[in-house]
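I opened this model to look at its pockets and at one helix. My notes follow.

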Amino acid sequence: MNPKEHKPLPIALAFFNWYCHPDFREEIEGDLMERFNRYCLKYGYAKANRLFVKDVLFLFRPAIIGNIYHLTHTDTMELTHQNKRLITILAIALPILLIPFIAMGFTNEVNWSVFDFLVIGVLLFGAGLVLELILRKVKTLSYRIILGIALFAVLLLVWVELAVGIFGTPLAGS
């Protein structure tokens, strides 16, 4: 495969474009891309990506940072509050998953496999992430409540369908 067809990790390139001063960006990005193509020829695509990320991180220094106002004047209180809320939402999923795990030690009627825990864990963490997305993006309280109730209803319906197969879909395993 031609190394010109390879492109470096988009997130590393986006990070570079975010912090690099616009006056320096084109020249430095061109040098980075030349190095990436040389790395592709010499080491292969996977290692070239790792080396590209390393180069981008090593370039993060005060001399070329152009977006300094954005870097230093973010509303850190709001970001901290949102991150705490996300951690709280996701941490609620763990005790919910512990309920059947503990019940398995006391009774034979609860018999979950690792796959069951994995599916419900993905379902709970996914619902938590969607709830956080709703809380971050939707500003109106009434819409937040409506979307939150709808999310909870979908979560409950999918869980019940997986558990006992109320609707008889293939998801229930029947």
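I looked up the largest pocket first: Ile89, Ile92, Ala93, Ile96, Leu124, Ala127, Gly128, Leu131, Gly148, Leu151, Phe152 and Leu155 line it. A pocket here, on a 1 Å grid over the protein atoms alone, is an open set of points where a 1.4 Å probe fits, with protein on both sides within 12 Å along at least five of seven lines; lining residues have an atom within 4 Å of a point. Helix H5 (76-106), H6 and H7 each give two or more residues to this lining. Helices are DSSP runs (H or I, at least four residues), numbered from the N terminus.

The model is predicted: local features need pLDDT of at least 70, side-chain atom pairs count only at pLDDT 80 or more, and totals for chains, interfaces and linings use all residues. Residues are numbered from 1 along each chain as its sequence is written, and side-chain values use heavy atoms, without hydrogens and water.

I noted about 270 Å³ of space in the largest pocket, the volume being the space filled by probe spheres set on grid points joined across faces, edges and corners. The second largest pocket holds about 210 Å³. H6 gives the most to the lining of that second pocket, with four residues.

Then I turned to H7 (residues 141-164). Its 24 residues should span 34 Å at 1.5 Å a residue, and the end C-alpha atoms are 34 Å apart, which agrees. The expected span is 1.5 Å times one less than the number of residues. Which residues of H7 are buried? I found Gly148, Leu151, Leu155 and Glu161; buried means under 20% relative accessible area with a 1.4 Å probe, protein chains only. Just after H7, glycine 165 takes a positive phi of about 70 degrees.

Key
Buried means under 20% relative accessible area, exposed over 50%, partly exposed in between (1.4 Å probe, protein chains only).
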